[in-house]
Number of protein chains: 2
Amino acid sequence: MRTCISCQLMYSKYQGSACRQCYEDLKAKVEQCNEDLNAKVEQCNEDLNAKLAFLTMPQPASFSDVVLFADDDDEYPVPVLAHKAVLANRSPVLRAMLDNEMKESLSGTIKIGDVSYNALRAFVNFLYTAEVCLDQQLACELLVMSEKYQVQHLKDFCQKFLVSNLNLDNSLSTYTFAHQHNFKPIIDAALTQITASMDKLASQDEYTELKERDPGLLLEIYEAYFSKQADTTMYI
Amino acid sequence: MRTCISCQLMYSKYQGSACRQCYEDLKAKVEQCNEDLNAKVEQCNEDLNAKLAFLTMPQPASFSDVVLFADDDDEYPVPVLAHKAVLANRSPVLRAMLDNEMKESLSGTIKIGDVSYNALRAFVNFLYTAEVCLDQQLACELLVMSEKYQVQHLKDFCQKFLVSNLNLDNSLSTYTFAHQHNFKPIIDAALTQITASMDKLASQDEYTELKERDPGLLLEIYEAYFSKQADTTMYI
């Protein structure tokens, strides 16, 4: 019997073993590999980030030729300055509004309906920087905007946020929201979250309200649960 | 004596060894580490490239509000379309020309002196995409432009290209060019290349012409060579 230099346990000569040199070489390889990983990721980040920094324009830039307003019935709405070229480049819908001789193009003013000033500002800022600091409320507003104005990159961003932010408390409201706008990946993720804790479903805040307003939606949850149960039973 | 499961060589019991399990675990770790490396680099590339693709604007975009001309005495120069906001964001010099009530801002026309149409088009395209396909001639033209208009990202790009593109045939002309505009990193790299093959110096095409035009420049090369020689001798 001898002692392993790594785990310090005894092993018999019949179990086979690696000599110290081979083991140490391999250990050095793991360390090297980890170092390489960090260096490569850093390098990759550095090059692309330099390019990104160069191409990113600050949103409230000069030479603005269009203003956006959140059309929320405010008597004195705050304008968000922008450039037609940037808006048109990021959103095919905004491009169509600006390209043709529509009132938006002629007046240099775009009214965005059903949206808060904060969401509009974050939306326009994202068009310039591809960055946004989300919370649940803002992610929902921006997801709807990105769908309406076909800004796929923002849509992906918001969907990822809402899916990764799902928890027991918000799963039912997120599910309802996603259902209303037919955001499939969020519907699926929320359904998985809800059906994993069915005993908590009826105690959620929105349950009673939803039972009144849209009982069909709750039925779908129950049906999904039992259809999943049936699938599991089949495989047992 | 026993045989190592890795190198298959015999080793004695006094040399220490790792049991098969520890060795196999470590081997799996190396493989995992390599996989992680590729996945991380790919993910990092994917995320940043998606962001880049979103932020990059095609240069000949609509809603242009300024045109640039290569001021090369052509009677009918070809205009290069652009946006004031983009030019101003990428170059502080162009910003100053456009911001103030200078003739460029008022007329919406910028004349760029001492530059070919091709270089101007590549320059403006770089301001929009951070990309350019360089050859020796274009790299030199763009380096001078990036210095004049203070576009650091393009300057770094061209300097790196010229340094990595140095060879026996172009080292003297590159050195002369870099000296003329005082591009320190290129001067140093070219000098290293030249002094490494001093016996070829006098046979280069530019040598005779340079001997007439700027003998001081050649003297500096000889001096640099012998000062390096002296340094090397000191350390022997």
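Mentor: A helix axis here is a line fitted to the C-alpha atoms over the stretch in contact, and an angle runs from 0 to 180 degrees between N-to-C directions. Helices (H or I, at least four residues) and strands (E, at least two) are DSSP runs numbered from the N terminus. This is a predicted model, in which local features need pLDDT of at least 70 and side-chain atom pairs count only at pLDDT 80 or more, while totals for chains, interfaces and linings use all residues. Residues are numbered from 1 along each chain as its sequence is written, chains are lettered from A and ligands numbered from 1 in the order in which they are written, and side-chain values use heavy atoms, with hydrogens and water left out.

From α6(B), the residues Gln136(B), Cys140(B), Leu143(B) and Val144(B) meet Thr174(B), Phe177(B) and His181(B) of α8(B); contact means heavy atoms within 4.5 Å. Sorted by class, this contact of α6(B) with α8(B) holds four nonpolar residues, three polar ones and no charged ones (Ala, Val, Leu, Ile, Met, Phe, Trp, Tyr, Cys and Pro count as nonpolar, Asp, Glu, Lys and Arg as charged, the others, Gly among them, as polar).

The loop that leads from α5 to α6 of chain B contains Ala130(B). Although Ala130(B) is not a glycine, its phi is positive, at about 60°. Ala130(B) counts as buried because its relative accessible area is 3% (buried is under 20%, exposed over 50%, partly exposed in between, with a 1.4 Å probe and protein chains only). In chain A, Asn182(A) also has a positive phi, near 60°, in a residue other than glycine. Asn182(A) is located in the loop between α8 (171-181) and α9 (184-196) of chain A, and its relative accessibility of 56% is why Asn182(A) counts as exposed.

Setting aside residues up to four places away in sequence, Ser116(B) touches Ala70(B) and Glu141(B). The side chains of Ser116(B) and Glu141(B) are joined by a polar contact of 3.1 Å (a pair of N or O atoms within 3.5 Å; within protein, one must be able to donate a hydrogen and the other to accept it, and residues adjacent in sequence count only if both atoms are side-chain atoms). With a relative accessible area of 25%, Ser116(B) is partly exposed. Ser116(B) and Phe69(B) are 47 residues apart along the chain, with 9.5 Å between their C-alpha atoms.

A helix pair in chain A may be read in the same way. Helix α7 (residues 152-164) of chain A and α9(A) have axes that come within 10 Å and cross at roughly 5°, so α7(A) and α9(A) are roughly parallel to each other. Here Gln159(A), Leu162(A) and Val163(A) of α7(A) meet Pro185(A), Ile186(A) and Ala189(A) of α9(A). This contact of α7(A) with α9(A) divides into five nonpolar residues, one polar and no charged.

Contacts also run from one chain to the other. Val41(A), in helix α1 (residues 20-55) of chain A, is buried, with a relative accessible area of 17%. Apart from neighbours within four places in sequence, Val41(A) is in contact with Lys40(B), Val41(B) and Cys44(B). Ser17(A), in strand β3 (residues 17-19) of chain A, is buried at a relative accessible area of 1%. Among the contacts of Ser17(A) beyond four places in sequence are Tyr11(A), Arg2(B), Cys4(B) and Ser17(B).

By contrast, Phe226(B), in helix α11 (residues 215-235) of chain B, is exposed, with a relative accessible area of 52%. Phe226(B) and Thr195(B) are 31 residues apart in sequence, and their C-alpha atoms are 9.1 Å apart in space.

Methods
Angles under 35 degrees count as roughly parallel, over 145 as roughly antiparallel, 65 to 115 as roughly perpendicular and the rest as oblique.
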